[in-house]
Amino acid sequence: MDKNTDEKYIITGGNPLKGEVLIGGAKNAVLKLMAASILAKGETVIHNAPDLTDVEIMLSVIEQLGAKTHYDKEKQTVSINATDITEVTARYDLVSKMRASFIILGALVSRCKEAVVALPGGCAIGERRVDFHIKGLEALGAKIKIENGYVHAKASKLVGTDIYLDIPSVGATENIMLASILAEGSTKIQNAAREPEIIDLANFLNTMGADVQGAGTSDIVINGVKQDDLHPIEYTTIPDRIEAGTFMSAVVATRGDAIIRNIYPAHLTFFNNKLLKMGANIKLVEPTAIEVSAKGRLNTVNFVTQPYPGFPTDLQSMAMVLLSTANGVGIITESLYENRFMQVPDLRRMGADIHQDRNHAIVKGVKKLTGATVASSDLRAGASLVIAALMAEGTSEVENLYHIDRGYERFENKIKLLGGQIERVSTHSDDTNLLGGLNEARL
Ligand code: EPU
């Protein structure tokens, strides 16, 4: 994959997407599994690791701690040998490029009883505080200081306790889970996040020898184990439900008919129900494959983004594209982030009729969108603009592809295989290095 940050897509809309597409491993699971790998000495191997910039950034964070890593992109396998962890610092230049790397805090505190991790700033889609992560670690007995933009966490020992989260934060649940794996006694996380990625992390840790119970419910109990109980493992990441939902949206948007493989349909129940209400057809063809199709004008729907199992915020922008040409007026309420309607001005440039009032978007379906030059402002907004361009009449250019490369592996190849007309072209001849130009990208 070319890492040029000045690339764009040229997309000609109007082709119904048809055929089959294979969904990759879940970005938001694999990044956490990689962090968790440092808990066990020896070499852990993670399969179904998608070819994404974010995976490479997480590998850089882990390597910097002294672990040896290897990434076989062909086999989609990441190996992490964490026998020696010699550093406890995760630098700002890496954390600022990918806020998910903040998850290393809990893993380092567990393994080394000390961590110095750059505090991620806000990001384009919202303030994204980490106060629950920090309060959770303090409750376990870590002494926390915030100095010069870094969180310094130190603990002579960690002791299990009950921790209540004000909101079911995915990252806080994961950081506390990781920090409590080797604590004395039991930790109970109440109002825990219930996302499938949390279950994947718990399964990974349990395979490694940890004792995590109740993942997938609001009460997770972690019974502390000893360092010697943990061993390196081989593990396969769950499929990416957001990538799957993105392709389902693209097929519906173009009134296509395609089979989506390597998907766990139960992870998308809420989203599937909304697509069905819009008039799409969804058929289970195998336990991990569905056929999606749509014909004619879609019905509009209203929806509110919610923590899992509610409507996923990461698919809000895709659904907005579908509503933009549906019959009637649909209301979208974004309840997780302060600023996750960044696709709206670009969709308007393509002819959409969307009124935004704080965290509500009122989408009045128009007959069609028309091609325009637009720019990704974050990962999911970028993907939604690609879908809009595939659906629109005429040709569009979608700029700032580095956002999309962070979370969608071989996006244009998969779209092309489905018959979409999409080309990646360079707007500059001089390639930048892997991490260059990603400063705005902090999802
Ligand atoms: N929040 C706080 N304080 C905290 C933690 C969270 O106020 O200490 C707030 C955040 O500001 C946000 C809300 O709680 O408004 C939800 O945040 P959460 O912690 O649940 O999200 P996250 O762990 O930062 C993960 C995904 C996001 C996804 C959200 C919600 C990863 C790497 N990221 O973020 O994915 O939107 O959960 O499902 O797992 C994406 O993939 O495009 C993406 C943004």
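Which residue forms a salt bridge with D51?

What we have here is a predicted model, where local features need pLDDT of at least 70, side-chain atom pairs count only at pLDDT 80 or more, and totals for chains, interfaces and linings use all residues. Residues are numbered from 1 along each chain as its sequence is written, and side-chain values use heavy atoms, with hydrogens and water left out.

Now, the idea behind today's topic: side chains of opposite charge can pair when their charged atoms come close. We call it a salt bridge when a side-chain nitrogen of Lys or Arg is within 4 Å of a carboxyl oxygen of Asp or Glu. By this rule, the count is 23.

Back to D51. Its partner is R410, with the closest N and O atoms 3.4 Å apart. R410 sits in the loop between α13 (401–405) and α14 (411–417), and D51 in the loop between β3 (43–47) and α2 (53–64), so the pair ties together parts 359 residues apart in sequence. Helices (H or I, at least four residues) and strands (E, at least two) are DSSP runs, numbered from the N terminus.

D51 is buried, at 5% relative accessible area, while R410 is partly exposed, at 32%. Buried means under 20%, exposed over 50%, and partly exposed in between, using a 1.4 Å probe and protein chains only.

Next, please find D405 and R424, whose side chains meet in a salt bridge at 2.7 Å, N to O. D405 lies in helix α13 and R424 in strand β24 (residues 421–426).
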